[in-house]
Amino acid sequence: MLVRVNRHEITEQIVVARLTNGLSWQQLADAVDRPLLWTTSALLGQHSIPPELGKILVEMLGLDKSTVPILAATPMRGGLPTPVPTDPTIYRFYEALQVYGGALKEVIHEQFGDGIMSAINFSIDLQKKPHPSGDRVVVTFDGKFLPYQWTSAHD
């Protein structure tokens, strides 16, 4: 009998296995020589994991080998359980974009022209910065600028 496991169930297994095995996200990222946030996001179902890396991660986590092809499949990206995030950490990013999103858009257009920052040709980094009034969270988004290129249907 074939037992089907979906990506959401595998994500739950990954989270439990990581905690059970006392592994940090950084240890998992180091094992596959990939950035911390990419690896964490991939293990949470937002990126496909190449099979050769999936095998390493599955072994470290003690998961069934049958999960490797599912980890390698193209994921359904994005999507939170609610339209407005309710998790306080995620909500703060949402809140920051509500407050600063318009300003970011205006300054991007002023400095680069009419276009967007890619979230595909993209990297992200998170650093902990000591500060006398309490540690700071420094998040860096590094995305390629993509200018809008309007063409007519006749071009």
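**Entry 1: terms and ground rules**

A crossing is left-handed if the near helix is turned anticlockwise from the far one by less than a right angle, and right-handed if clockwise. I jotted that down before looking at how H2 passes H4, and the crossing there is right-handed. I'm working with a predicted model, where local features need pLDDT of at least 70 and side-chain atom pairs count only at pLDDT 80 or more, while totals for chains, interfaces and linings use all residues. Residues are numbered from 1 along each chain as its sequence is written, and side-chain values use heavy atoms, with hydrogens and water left out. My helices (H or I, at least four residues) and strands (E, at least two) are DSSP runs, numbered from the N terminus.

**Entry 2: domains**

I looked up the domain assignment, with bounds that come from an automatic or database assignment. It gives domain 1 as 7-72 and domain 2 as 88-147. I get 26 Å between the C-alpha centres of domain 1 and domain 2.

**Entry 3: helix H2**

Which residues of H2 are buried? For me, buried means under 20% relative accessible area, exposed over 50%, and partly exposed in between (1.4 Å probe, protein chains only). In H2, which runs over residues 25-32, I find Trp25, Leu28, Ala29 and Val32 buried. These residues sit on the same side of H2, because they cover an arc of only 100° around the axis. The arc is taken from the directions from the helix axis to the C-beta atoms.

Next I checked what lies over them. The cover includes helix H1 (7-20), helix H3 (36-43) and helix H4 (51-61). I count a contact when heavy atoms are within 4.5 Å.

**Entry 4: H2 against H4**

I went back to the right-handed pair, H2 and H4. Their axes come within 9 Å and cross at roughly 140°. The axes are lines fitted to C-alpha atoms, for helices over the stretch in contact, and angles run from 0 to 180 degrees between N-to-C directions. Under 35 degrees I call a pair roughly parallel, over 145 roughly antiparallel, 65 to 115 roughly perpendicular, and the rest oblique. H2 and H4 are therefore oblique to each other. On the H2 side, I have Gln27, Leu28, Ala31 and Val32 meeting Leu53, Ile56, Leu57, Met60 and Leu61 of H4.

**Entry 5: H2 against H3**

I ran H2 and H3 through the axis check too: the axes come within 9 Å and the crossing is roughly 100°. That makes H2 roughly perpendicular to H3. Trp25, Gln26, Leu28, Ala29 and Val32 of H2 meet Leu36, Thr39, Thr40 and Leu43 of H3.

I then looked at burial in H3, where Thr39, Thr40, Ala42 and Leu43 are the buried residues. Down the axis of H3 they fall within an arc of 165°, so they line one face of the helix. I see H1, H2 and H4 among what covers them.

**Entry 6: the positive phi values**

Where does aspartate 33 lie? I find aspartate 33 in the loop between H2 and H3, just after H2. Most residues other than glycine have a negative phi. Aspartate 33 has a positive phi of about 55° although it is not a glycine. I have aspartate 33 down as exposed, at a relative accessible area of 69%. After H3 comes glycine 45, and its phi is positive as well, near 100°.

**Entry 7: loop residues**

Is threonine 67 buried or exposed? Threonine 67 is in the loop between H4 and H5, and at 5% relative accessibility I count it as buried. Not counting residues up to four places away in sequence, threonine 67 touches Ile10, Gln13 and Val58.

I moved on to the loop between helix H5 (68-72) and helix H6 (88-112), where I find threonine 86. Threonine 86 is exposed, with a relative accessible area of 65%. Leaving aside neighbours within four places in sequence, valine 84 is in contact with Tyr91 and Tyr94.

**Entry 8: after S2**

Last, I looked at glutamine 149, in the segment after strand S2 (136-147). Glutamine 149 is exposed, with a relative accessible area of 66%. The C-alpha atoms of glutamine 149 and histidine 131 are separated by 43 Å, and the two are 18 residues apart along the chain.
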